[in-house]
Amino acid sequence: MYIEELELVNFRNYKSLQLKFENNVNVILGENAQGKTNVMESIYVLGMAKSHRTSNDKDLVRWDAEYAKIEGRIEKIHGAVPLELAISKKGKKAKFNHIEQKKLSHYVGNMNVVMFAPEDLHLVKGSPQIRRRFIDMEIGQVSPVYLHDMNRFQKVLQQRNHFLKQLQARKNVDKTFLHVLNEQFAEVAIKVMQKRFEFIRMLEKWAQPIHEGISQGKEKLEIRYKPSIEVSNEVDWLKMIKGLEEKFVSLEQREIDRGITLMGPHRDEIGFLVNGRDVQTFGSQGQQRTTALSVKLAEIDLIHSEIGEYPILLLDDVLSELDDYRRSHLLNTIKGRIQTFVTTTTVDGIDHRTLKDATTFIVRNGEIEREK
């Protein structure tokens, strides 16, 4: 899979932009604040229908415009497919092969992307929210059902929190509706947690050999899922639902006192162990970066194993954050098999054939042209 053409209208600082890319490494070169990352972001948004930089869609629309539009022509195994995403005050409209999609969950997954930016180095040592968002975004690319279940979960969670606040303020004293919400919550929460459990097992399978290679056989990586209740393929689905409902009974008064849901997928955590030790707490910066790099590279193989095609890789200003050894490992991994976009202020000091053979685009003052 690769993106052959990209067209932007009123996206970020670009009033109009048309680009053609090669199915190899494409380097976007220029000083900071010139619009390099905006191009990278547009590719990500075209695939994921949301930004990795902001949760506010209006930030994506050029300051004096009513709407923004991203169009792309994607080459896949079965042929070329046009994608289109329009963003306005009314929301988003997505088209796949010229046909408008009724739900964004039906659109996401048509173009698979993996983003690796400096903030992803905080995947290991950052907040649990960062790790939950990471797994939700990645599972959503290969499982439209998961996106549907997550949307349902968020709605029930919002309802439940609202009702708990009513009980807390004594605006409502009848707990019957809370027990109904408990059942609804448990059913969809278990679906989400089961899918996360399966995803993390697959991620570990692909990440372990990569981590072992980067560490030259000295380290073994383990990825642990830490949900609210025990989740596995061996535990019966109905038993897990019952277990979650029973926990809600024991937590009922505490939840009413605080007015929030204290248990569920929104409280999940992921742990990373290197040679049996928690790398988040005890790992060196080098180990944390190797773990983050291994996980990101594992995404590529995981998506390929699920859909039969490699995703598009976006490396946004991350090469300068890696030392020579990890950078070389990353570039050797992508060489010749994955369409890759690299933003950087300079390629000086990066002596690697992959970048020397790349197609280069120069960004100056919000204008982009292909290097001749």
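Guide: The axes of helix 3 and helix 4 (residues 144-168) come within 5 Å and cross at roughly 130 degrees. Axes here are lines fitted to C-alpha atoms, for helices over the stretch in contact, with angles from 0 to 180 degrees between N-to-C directions. Helices (H or I, at least four residues) and strands (E, at least two) are DSSP runs, numbered from the N terminus.

Visitor: What do you call the orientation of helix 3 and helix 4 to each other?

Guide: Oblique, for helix 3 and helix 4. Under 35 degrees counts as roughly parallel, over 145 as roughly antiparallel, 65 to 115 as roughly perpendicular and the rest as oblique.

Visitor: Before we go on, what kind of model is this?

Guide: This is a predicted model: local features need pLDDT of at least 70, side-chain atom pairs count only at pLDDT 80 or more, and totals for chains, interfaces and linings use all residues. Residues are numbered from 1 along each chain as its sequence is written, and side-chain values use heavy atoms, with hydrogens and water left out.

Visitor: Back to the pair. Which residues in helix 3 and helix 4 meet?

Guide: From helix 3, Asp-136, Ile-139, Gly-140 and Val-142. They meet Pro-144, Tyr-146, Leu-147 and Met-150 in helix 4. Contact means heavy atoms within 4.5 Å. The residues split into six nonpolar, one polar and one charged.

Visitor: What does Gln-141 touch?

Guide: Beyond residues up to four places away in sequence, Gln-141 touches Met-48, Val-108, Gly-109, Met-111, Asn-112, Val-113 and Ile-303. Its side chain also has a polar contact of 3.0 Å with the side chain of Glu-138. A polar contact is a pair of N or O atoms within 3.5 Å; within protein, one must be able to donate a hydrogen and the other to accept it, and residues adjacent in sequence count only if both atoms are side-chain atoms.

Visitor: Next pair. How do helix 8 and helix 9 cross?

Guide: At roughly 5 degrees, with the axes of helix 8 (residues 285-307) and helix 9 (residues 324-334) coming within 11 Å. That makes helix 8 roughly parallel to helix 9. Residues in helix 8, including Leu-293 and Leu-297, meet Arg-326, His-329, Leu-330 and Thr-333 in helix 9. This contact divides into three nonpolar, five polar and two charged residues.

Visitor: What does the side chain of Thr-333 do?

Guide: A polar atom of the Thr-333 side chain lies 2.7 Å from the backbone oxygen of His-329. Thr-333 and Leu-297 are 36 residues apart in sequence but 8.2 Å apart in space, C-alpha to C-alpha.

Visitor: Now the core. Which residues touch the most other members?

Guide: Ile-223, Leu-244 and Leu-315, in a largest nonpolar core of 67 residues. Helix 5 (residues 176-214) gives the most to this core, with 14 residues. A nonpolar core is a set of buried Ala, Val, Leu, Ile, Met, Phe, Trp, Tyr and Cys residues joined through side-chain atoms within 4.5 Å.

Visitor: Where is Tyr-107?

Guide: In helix 2 (residues 104-107). Tyr-107 counts as buried at 1% relative accessibility. A polar atom of its side chain lies 2.6 Å from the backbone oxygen of Leu-46. Among its contacts beyond four places in sequence are Ala-49, Leu-83 and Phe-96.

Visitor: What is the phi of Ala-49?

Guide: Positive, about 65 degrees, although Ala-49 is not a glycine. Most residues other than glycine have a negative phi. Ala-49 sits in the loop between helix 1 (36-48) and strand 4 (67-76). Ala-49 is buried, at 3% relative accessible area.

Visitor: Last one. What joins the side chains of Glu-4 and Arg-73?

Guide: A polar contact of 2.8 Å. Glu-4 is in strand 1 (residues 2-11). Glu-4 is partly exposed, with a relative accessible area of 24%.

Definitions and conventions: Buried < 20%, exposed > 50% of the residue type's maximum accessible area, 1.4 Å probe, protein only. Nonpolar A, V, L, I, M, F, W, Y, C, P; charged D, E, K, R; others polar.
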